[in-house]
Structure formats: structure tokens, C-alpha cells
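Here are my notes on this model, in numbered points. Please keep the structure open beside them as you read.

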Amino acid sequence: MVQKYEKRHTQTEPFPYSLVEELLYLRDVHHKMGWIGYKPFRYTEIFGNVSQWIDEGVFGKKPGLLITGTGTGVKERIWGGDFAMVPDVDEDNFVITSYGPSGPSAEAGTHMKVSELMGRPKFICHPHAIMWRLHKFFSYLTTVEGVDYGTKEMVQEFDRLLPLHQAKSDRLVIMGGHLDGIVSWGDTVEDAMKPLLKYEALCKQKIVEICSDPKRRNDRLIEVSDLVTMEDLYNAFIGQDTEPVRN
Ligand SMILES: [Zn+2]
């Protein structure tokens with residue numbers, strides 16, 4: 001049976017703006033890029049989250065990972081009432097301990113694993129985007145298919161991959177069993193997003209390459225001028241969205 005994290009959450013008042021300011025910015029950029037949000041035709045759940053390591057506790061409690069609250073991806077704008085602080089993830093008993101005005105996502109376990117094994121990077125991103133489904137064209141570190149998010153098996157996958165030298169140089173891991181899910185990290189907002197932008201550029205290049213193949217174009221009988229976004233290109237030339245899956 002697949003085991004998911006148990007959450008032990010203590011409700012508090014909203015976090016002050018000064019605490020959430022930087023993470024709020026990273027989150028807003030993700031939301032604008034469509035990497036955090038709600039697309040029920042594609043993913044059954046609200047998807048994507050970002051976190052920041054905080055050295056000092058708030059409300060007299062322990063410091064830890066500040067993470068966007070569960071379900072907040074649907075909102076256009078968020079504020080200090082939409083975050084959780086996660087001081088501990090107990091891997092043996094599979095418990096996420098947190099406090100804040102909002103509860104954390106079960107993906108907080110993966111964030112904590114990256115934080116621990118990669119030397120406490122300041123920011124960790126976990127976005128989703130359809131074109132990243134092209135990961136098989138590239139050789140990024142990838143968790144095995146069939147392993148879902150928020151499970152012990154996913155944590156074991158990160159245990160296996162993060163010590164590899166490539167993790168350090170790429171700062172990006174593809175979640176093979178968690179549709180279009182990716183994890184990246186860095187010490188500044190810019191550094192944390194760089195691997196995502198680089199990977200996105202590679203995917204776009206690959207899509208254009210596939211679209212330029214006359215055989216594929218004729219096969220599909222598609223007027224390229226009707227296609228507006230990279231997502232249109234993806235759907236037209238590479239494949240339609242699959243059945244909705246859990247975020
Ligand atoms: Zn996810």
C-alpha cells in the first residue's frame with residue numbers, strides 16, 4: 001500500500017509580510033508562468049508550490065521551511081495568510097509537523113529532503129508545465145515512473161538521485177511518476193529559477209524541431225498559424241493531454 005505523509009498542523013495567525021515577501025515574489029512569478037495554478041482539464045488538483053528556508057522561528061516556534069499553503073495555487077494573489085512553516089519532517093514515522101495560517105502540501109516532504117541533501121538552498125521550486133513532458137528527450141535526473149508525490153517511495157528516489165554529481169550541476173530533478181512535475185533549487189530567486197528556464201528553453205527548441213519536420217506537419221494537417229502558444233504546439237504535434245492525474 002502506498003503510504004502518504006500524516007500532517008500535524010498548528011493553526012496560527014497570518015505571517016508578517018516581511019517574512020513572506022521574497023517567497024511571495026517567487027510564487028507570483030511561478031503563477032504568472034502557469035507553473036503553479038489550477039487546470040482541472042489537465043491535473044485533478046491545484047498544482048505547484050515553492051519554499052524558502054527560514055533561520056528564525058516565528059510566534060515563538062521553531063524555524064524551518066516556509067512553504068506555500070495547500071490549495072493556494074488557485075488564487076491569483078496570495079499573502080501572509082497563505083503559507084505554512086515546516087520545522088520537521090519525521091521520515092521514520094512519516095509525519096510532517098507544521099504551523100501557520102495555512103496547512104502545507106504533502107510535497108513539503110520532498111522539499112525538506114532537497115533542503116537536507118543539497119545543503120539548505122534558500123529556495124526550492126516545484127512547478128508543473130505540460131511541455132516538460134518531453135523529458136525523455138533529455139538526460140536530466142528523473143525519479144522512476146509509478147512513484148507518486150508525497151510517498152515514501154518518492155523520498156527514496158530523491159535519496160538515490162540527490163547525492164549524484166549531476167544533481168549539483170543541474171539543480172533540477174524531473175519527477176517521472178508525477179505528471180510534468182519538476183524540482184529545482186538555488187540560493188536566490190533567480191538561481192532557483194534558472195534551471196527551470198533553461199529546461200523550458202530546451203523543451204521549446206525540441207517542440208519547434210518536431211514541428212519543423214514536414215512529415216509530421218503533413219500527418220497532422222495543421223495550420224501552424226492557428227497555433228498560438230507553445231502548449232498549442234505541444235498538443236498539435238506531440239500529443240494531447242492525457243487523462244487528468246493527481247497533482
Ligand atoms: Zn506536484
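1. The sheet. The nine strands form an open sheet in the order S1-S5-S4-S3-S2-S6-S9-S8-S7, and the pairing is mixed. S1 (6–11) and S7 are the edge strands, each with a single partner strand, so one side of each has no neighbour in the sheet. From one strand to the next, the twist averages 25°. Strands (E, at least two residues) and helices (H or I, at least four) are DSSP runs numbered from the N terminus, and two strands pair if DSSP finds at least two bridges between them.

2. Ground rules. This is a predicted model, in which local features need pLDDT of at least 70 and side-chain atom pairs count only at pLDDT 80 or more, while totals for chains, interfaces and linings use all residues. Residues are numbered from 1 along each chain as its sequence is written.

3. Confidence. The average pLDDT of the chain (the predictor's confidence in each residue, from 0 to 100) is 88, and 86% of the residues score at least 70. Over residues 242–247 pLDDT stays under 50, and there the model has 16 contacts beyond four places in sequence. Where pLDDT is low, the predicted coordinates should not be read in detail.

4. Overall make-up. The chain has seven helices and nine strands. Of its 247 residues, 39% are buried; a residue is buried if 20 or more other C-beta atoms lie within 10 Å of its own, exposed if 12 or fewer, and partly exposed in between, with C-beta atoms placed from the backbone. Among contacts with a separation of 6 or more, 67% join residues 24 or more positions apart. A contact here means that the C-beta atoms of two residues, placed from the backbone, lie within 7 Å.

5. The strands around S3. S3 (64–68) has five of its five residues buried, so the rest of the structure largely encloses it. S3 is antiparallel to S2, with four bridges, and Trp53 has Leu65 in S3 as its bridge partner. Four bridges also join S3 to S4 in an antiparallel arrangement, where Thr68 stands opposite Phe83 of S4. Further along, S4 (83–90) and S5 (95–100) pair in the antiparallel sense over four bridges, and Asp90 is bridged to Val95 in S5.

6. Helices on the sheet. H2 packs on the sheet and touches S2, S3, S4, S5, S6 and S9, with its direction at about 140° to that of S3. H5 (189–211) lies across S6, S8 and S9, and runs at about 140° to S9. These angles run from 0 to 180 degrees between N-to-C directions, and the axes are lines fitted to C-alpha atoms, for helices over the stretch in contact.

7. The core. Which residues have the most contacts inside the largest nonpolar core? They are Leu66, Val86, Ala108, Ile124 and Cys125, in a core of 50 residues. H5 gives the largest share of this core, six residues. Such a core is a set of buried Ala, Val, Leu, Ile, Met, Phe, Trp, Tyr and Cys residues joined through C-beta atoms within 7 Å. Not counting residues up to four places away in sequence, Ala108 touches Leu65, Ile67, Val86, Val89 and Ile96.

8. Met154, Glu157 and Phe158 are buried in H3 (152–161). They lie on the same side of H3 because they cover an arc of only 95° around the axis, taken from the directions from the helix axis to the C-beta atoms. The buried residues of H3 pack against H2 (108–117) and S7 (141–143). Leu162 sits in the loop between H3 and H4 and counts as partly exposed, with 18 C-beta neighbours inside 10 Å. Its C-alpha atom is 6.7 Å from that of Leu117, 45 residues apart along the chain. Beyond four places in sequence, Leu162 is in contact with Val114, Leu117, Met118 and Ala167.

9. Two backbone angles to look at. Most residues other than glycine have a negative phi. Arg171, in the loop between H4 (165–170) and S8, has a positive phi of about 50°; Arg171 is buried, with 22 C-beta neighbours inside 10 Å. Asp180, in the loop between S8 and S9, has a positive phi near 60°, and Asp180 is buried with 23 other C-beta atoms within 10 Å.
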